[in-house]
Amino acid sequence: MRVLSAMSGGVDSAVATARLMAAGHQVTGVHLALSRTALAQRAGSRGCCSLADVHDARRVADRLGIDFYVWDFSERFADQVIGDFLLEYSAGRTPNPCLRCNERIKFAALLDKGLALGYDAVATGHYARLVEGPDGLELRRARDDAKDQSYVLGVLDRHQLAHSLFPLGDSLKPQVRAEAADLGFAVADKPDSNDICFIPDGDTAGFLADKLGEAPGRIVDAAGNDLGAHRGTYRYTIGQRKGLNLGVPSVDGRPRYVVGIDPERRQVVVGGAGELAVDQLRGVRPTWTAGPRRGPWRGHVQVRAHGEAMPAEIEQVGEELLVRLDQPCRGVAPGQYAVCYDGEQVVGSAVIAATASRLTQAS
């Protein structure tokens, strides 16, 4: 099989590439140039798109004796990932750019180009498993619970899965690092990247302020009482507690959290912890990694990359996904992805458009 191995410059993609070769595949390495910002390209940057990462990936490819290319997807990345990120925050939502990148870049643009060039599949160093099930290929959780990345792959459809390989799905992270050391890879001890690649210094608020400009407004409670000022609704997300700097103490003396964001009125709404609890989610743009289920079905829903998988009743109604959680969940923000599981299998995903509470509706 001719395989295009996406090499980020980290230890995971390096070992994944080596395993593909050991399995007898014809492998070509490719590094995706996604960001042209000076900060992202700086040596020592903590993202995954720095010049050091390019050099690390090339050294691994040289050691393995495979062809290696750098493909510039920065224009598409700027439009479909960074642009989407800015639009979502300006609309009061909290996006996940890593899922957006998988959806539009790594398993769309890269895969489309690879297939057009005659490759059979794209491989990455994600920790997830592909298993042949009774109804076809299934995406399942990784063996290593701590590293499981099936959530960020929940945006893939069946066509993309059929042309994907994840060689690390059955491995534990320490095994991968030991294997890299045995192969003589200099990246064996390289730290994992946990930052948004186009904000490698971790200052999301600063990045948004630079791109969106100052948009001052007021912080209010549910009754509309003025509690303080803010410099932009994009600086806040549902469930946030830190950085509110309220000038008026709460009546009950308890902490207050962001419970609503209204960019049109330039208002950030705060309330008590109880106001964060929701047990209904409405999702849009559903994508089915497995075949779509007919009628309501029981499964689990995860709304954060390393969050809890929550039991729920799930149903597609028209072009929307409706989720009824068994127990309330706190701090769920529109813009996040709801990824649905049946046991260890990823069934599909949707972008959360709205949340609600049955208790609130009943009252």
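**Aromatic pairs.** I searched the whole structure for aromatic pairs and got seven. I counted rings of Phe, Tyr and Trp (its six-membered ring) as paired if their centres lie within 6.5 Å, with planes under 30 degrees apart called stacked, over 60 edge-to-face and the rest tilted. I looked at Phe85 and Tyr89, an edge-to-face pair with 5.0 Å centre to centre and 65° between the planes. The two are four residues apart in helix α4 (residues 74–90), so about one helical turn separates them. Both Phe85 and Tyr89 are buried (under 20% relative accessible area; exposed is over 50%, partly exposed in between, with a 1.4 Å probe and protein chains only). I also noted one aromatic cluster made of Phe77, Phe85, Tyr89, Phe198 and Phe207.

**Basis.** I am working from a predicted model, in which local features need pLDDT of at least 70, side-chain atom pairs count only at pLDDT 80 or more, and totals for chains, interfaces and linings use all residues. Residues are numbered from 1 along each chain as its sequence is written, and side-chain values use heavy atoms, with hydrogens and water left out.

**Charges over rings.** My rule here was NZ of Lys or CZ of Arg within 6 Å of the ring centre and within 35 degrees of the ring normal. Lys113 lies over the face of Trp71, 4.1 Å from the ring centre. The charged end of Arg141 sits over the ring of Tyr341, at 3.8 Å from its centre.

**Cysteines.** I looked for disulfides, taken as a pair of cysteine sulfur atoms within 2.5 Å, and the count was zero. For Cys101, which is in no disulfide, the nearest cysteine sulfur is that of Cys197, 6.3 Å away. Cys101 counts as buried because its relative accessibility is 7%. Cys197 counts as buried too, because its value is 12%.

**Sheet.** I traced an open sheet of four strands in the order β9-β8-β11-β10, with mixed pairing. Its edge strands are β9 (226–230) and β10 (257–262), each pairing on one side only. On average, neighbouring strands of this sheet are turned by 30° against each other, direction ignored. Axes are lines fitted to C-alpha atoms, for helices over the stretch in contact, and angles run from 0 to 180 degrees between N-to-C directions.

Helices (H or I, at least four residues) and strands (E, at least two) are DSSP runs, numbered from the N terminus. Two strands pair if DSSP finds at least two bridges between them. I checked β10 against β11 (residues 267–271): they pair in the antiparallel sense over five bridges. Val258 has Val270 as its bridge partner in β11.
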